[in-house]
Amino acid sequence: MNYYIKNATLVNEGQTFVASVFVSDGKIAKIIRESQVPELVEGPVDNESAFNYVECEAFRQAQQPSTQVIDATGKYLIPGIIDEHVHFREPGLTHKADIYTESRAAVAGGVTSFMDMPNTVPQTTTLELLQQKFDFAAEKSLANYSFYLGATNDNLAEVVKTDPQKVCGIKLFMGSSTGNMLVDKNEVLVRLFRESPCLIAAHCEDEGVIHANTVCSKDLASKGEVILDASIHPFIRTTEACYKSSSKAVDMAEKFGARLHVLHISTQKELSLFRNDIPLKDKKITAETCPHYLCFDNRDFERKGFAIKCNPAIKSHRDREALLQALHDGLIDTIGTDHAPHLLEEKMTDDYFTSKSGFPSIQHSLDIMINVVNDLPLLVQLMCHNPAILYQIDRRGFIREGYHADLALVDMSAGYLISSNKEYSKCGWSPYDGLQTHSRVTHTFVNGNLVFENGVFHEEERGMRLCFDR
Ligand SMILES: [Zn+2]
C-alpha cells in the first residue's frame, strides 16, 4: 500500500510548513509543498481525472488504486520518534512487558524505532544472547529496533567484536550495580573506553555514595527521625551519587577518546559536564534526559508515591527547571523515555527497599513532552532528529525524500485523559494517570506501513533492524 498524506503541517529540520507527502515502497517518495498541491479526492484513488493534470511523478504513482489518501489537514506530520532508551523486558521478565506489547505501546505514541537495554534475564552480555533479541524482535516488533550489549567486568572480548553498523551501543552501568553488569575494575573501564567500537551509553550513579546514604537512612529511620517512604529516594540516590559517577565517565571518555552518551541526566549539577558550542555530529560526549525529570519533581512523591520511584531519582524543582532550560540551550541532546515497566504490585509495596524502580511511559512520551514544552520543532529535534544524528542511524529521523517512511501525525487539538485502563503496555498502568494532554498521535507509519490509525493497530508487518552509518 502507498499513501498520500495530504495537506499536513510538516515539522522538520527547524521548519514548519504545509505539504503533502507521498509514501511508496516503504520510503518517503515525494514531499510536495502547498503551492504545488492540486485538489485531490478522498479515500482510495479511483478518480483518475483528479490526477490527470498533474505532471509530477508522485501524482502519477498516486493514481494507482493501491494508494490511500489520508487527509491530514490541521494535523502535524513529524518524523517517527526514535526512543534510544527502553526496557522491554524480553527475555525473562515477560510477565510485565514483552517486545510485542511494548512495541505496540510505542507505535501508539508515534515511536517508530527503539533501542532496548540489556538488563533482561539472562542479561544481554554476549553476542549470542544479543542475536537472540534481534531474532525475537524480527518476529514480534511492530517498530524498528536495536539492542545494546551490556558491559561486564569480563566480557571485553564480546564488546570489541560488536559490529557498530548493526548494534546501537554498549550499555555501561558506571558505578551502579545491576546483576553482574557492574563494571568496577578500573583496568576494564580503561580498556572499554579505549577499545569499544560502539558508542557507550552509561547509567551513572555511584554505588558507594548510595550505599552510605542507605545505611544512614536506615539508622535515622530506626530512631524515628525519617520515614522510609518514596520521598526518601532522592536523599539516597542523591545529586552527589550522580555527579561522582557521571563526572568520572566524562573524564575517562575525554582521556581515552571514547564516544560517550550519558543517560537520564536528572540534576542541574551534571549539566556542567556537557557542551553546547559544537554541532551534535561533532560531539563525543552527549547527554540524555527523560520526560519524568521534566514533568515531575520531588514534591510529587507525596501524590504519586512509589509510582514515580526510578533510578536515578527524580530530584528538586530547581533541577527540573535547569533541565528544561538545558533542552533549549543544547546541553541536553536527546529525550529518551527509560520506559521501564513493572507490575503495579511490584511498585506499590509498603517497603521502600522492595518497591521496584521504573515505570512505563513510551505510549505518552510525546504528549507529555508537548504538555511540558509547548514547542514541537524543539521536541522533533530532541526526540527524532538528534537520536538519528547521535547514533548515526541510516536514513531515519527526518522527513526527507529517499528516507524510510517512519512518520507520525499529531493532532494538537485532540487531547485526552491519560488513564491506566487505556494503557497498551503489558503492565497496565501509568504514572501519568489523570494527566490531561493537549495532543494525541492519530497515525503512525513504520517503514511506510500504517501500523496505528486512530486507536486501531494494523499488525501485518514487522519493524526492521536499525542500521548505523559508522
Ligand atoms: Zn534505563
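Where does Asp338 lie?

Modeller: One thing to keep in mind as we go: this is a predicted model. Asp338 sits in the loop that runs between β15 (334–335) and α13 (344–347). What makes Asp338 worth a look is its backbone: phi is near 55°, a positive value in a residue other than glycine.

You'll find Pro122 in the loop between β7 and α4 (127–140).

That brings us to β7 itself, which covers residues 111–116. It belongs to an open sheet of three strands, ordered β6-β7-β8, with parallel pairing. At the edges stand β6 (81–86) and β8 (144–147); each has a single partner strand, so one side of each is left without a neighbour in the sheet. Going from one strand to the next, the twist averages 20°. If you wonder what holds such strands side by side, strands of a sheet pair through backbone hydrogen bonds, either parallel or antiparallel. Zoom in on β6 and β7 and you can follow their parallel pairing over four bridges. Here Val86 stands opposite Asp116 in β7.

Now step off the end of β8 to find some rings. The structure holds 13 aromatic pairs, and one of them is Tyr148 with Tyr391, an edge-to-face pair with 6.5 Å centre to centre and 75° between the planes. Tyr148 is in the loop between β8 and β9 (149–150), while Tyr391 is in the loop between α15 (376–390) and β16 (407–411), so this pair ties together parts that are 243 residues apart in sequence.

Last stop: two helices. α6 (residues 186–195) packs against α9 (residues 239–256) at an angle of about 55°, and their axes are 9 Å apart. The crossing of α6 past α9 is right-handed. On the α6 side, Asn186, Leu189, Val190, Phe193 and Arg194 take part, and they meet Lys248, Ala249, Met252, Ala253 and Phe256 of α9. Sorted by class, this contact has seven nonpolar, one polar and two charged residues.

Methods:
Residues are numbered from 1 along each chain as its sequence is written. This is a predicted model: local features need pLDDT of at least 70, side-chain atom pairs count only at pLDDT 80 or more; totals for chains, interfaces and linings use all residues. Side-chain values use heavy atoms; hydrogens and water are left out. Axes are lines fitted to C-alpha atoms, for helices over the stretch in contact, and angles run from 0 to 180 degrees between N-to-C directions. A crossing is left-handed if the near helix is turned anticlockwise from the far one by less than a right angle, and right-handed if clockwise. Contact means heavy atoms within 4.5 Å. Ala, Val, Leu, Ile, Met, Phe, Trp, Tyr, Cys and Pro count as nonpolar, Asp, Glu, Lys and Arg as charged, and the others, Gly among them, as polar. Two strands pair if DSSP finds at least two bridges between them. Rings of Phe, Tyr and Trp (its six-membered ring) pair if their centres lie within 6.5 Å; planes under 30 degrees apart count as stacked, over 60 as edge-to-face and the rest as tilted.
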